[in-house]
Amino acid sequence: MRKYYKAIGIGFIIGLVLFFLEQSFRIISGGEVILNLRLLESLSLYVLYSVPLSFVNGYYFGFLNTLEWKRNGKWRFGIGLLGSIFLTLFTIFLIRIIHKVGFT
C-alpha cells in the first residue's frame, strides 16, 4: 500500500511542477496570473493527467525490472519502449474520457 501512496505522491509533485512551470512561463512572457477557478481547473487537469501516467509507467517499469533479462537483454529496450507507448496512449485515452465526460 505504501508503494501506491509513493507513486501517487510522485505524480502529484510532477503535476505541481508542470503547473508552476507553465505559470512561470506565463509571467516571464508578460502575462498575468489571476487567482480564480480557471487557475484551479488548470492545476487539477495537470494533476489529473500526471498522477495516472506516473502510476502506470512507474509500475510498468517496476514490473520490467523484476523480470530476468540476462538472456534477452537486447529486447528490454524495445519491450519497454513499445509497452510504455501503448500504456501511455491507453491511459491518456481513459483520462480524456474521464475529463471530457466527467468534468465538461
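The stops below go through the helices and their contacts.

This is a predicted model, in which local features need pLDDT of at least 70 and side-chain atom pairs count only at pLDDT 80 or more, while totals for chains, interfaces and linings use all residues. Residues are numbered from 1 along each chain as its sequence is written, and side-chain values use heavy atoms, with hydrogens and water left out.

**Stop 1: helix 1 and helix 2**

Select residues 2–28 for helix 1 and residues 37–66 for helix 2. Helices here are DSSP runs (H or I, at least four residues), numbered from the N terminus. The two axes come within 7 Å and cross at roughly 135 degrees; axes are lines fitted to C-alpha atoms over the stretch in contact, and angles run from 0 to 180 degrees between N-to-C directions. Helix 1 and helix 2 are therefore oblique to each other, a class for angles that are not under 35 degrees (roughly parallel), over 145 (roughly antiparallel) or 65 to 115 (roughly perpendicular). The residues of this contact comprise 15 nonpolar, six polar and two charged. Ala, Val, Leu, Ile, Met, Phe, Trp, Tyr, Cys and Pro count as nonpolar, Asp, Glu, Lys and Arg as charged, and the others, Gly among them, as polar.

**Stop 2: Gln-23**

Next, select Gln-23, in helix 1. Is this residue buried or exposed? Gln-23 counts as buried because its relative accessibility is 6%; buried means under 20% relative accessible area, exposed over 50% and partly exposed in between (1.4 Å probe, protein chains only). Leaving aside residues up to four places away in sequence, Gln-23 touches Val-33 and Leu-39, where contact means heavy atoms within 4.5 Å.

**Stop 3: helix 3**

Now select residues 74–102, which form helix 3. The expected span is 1.5 Å times one less than the number of residues. The buried residues of helix 3 are Gly-80, Gly-83, Ser-84, Thr-91, Ile-95 and His-99, and what covers them includes helix 2.

**Stop 4: helix 2 against helix 3**

Show both helices together: they pack at an angle of about 150 degrees with axes 10 Å apart, and are therefore roughly antiparallel to each other. The contact residues include Tyr-49, Pro-52 and Phe-61 of helix 2 and Gly-80, Gly-83 and Ser-84 of helix 3. By class, this contact has 13 nonpolar, eight polar and two charged residues.

**Stop 5: Ile-98**

Finally, select Ile-98 in helix 3, which is partly exposed at a relative accessible area of 46%. Ile-98 and Leu-48 lie 50 residues apart in sequence and 9.4 Å apart in space, C-alpha to C-alpha.

Note on methods
Helices (H or I, at least four residues) and strands (E, at least two) are DSSP runs, numbered from the N terminus.
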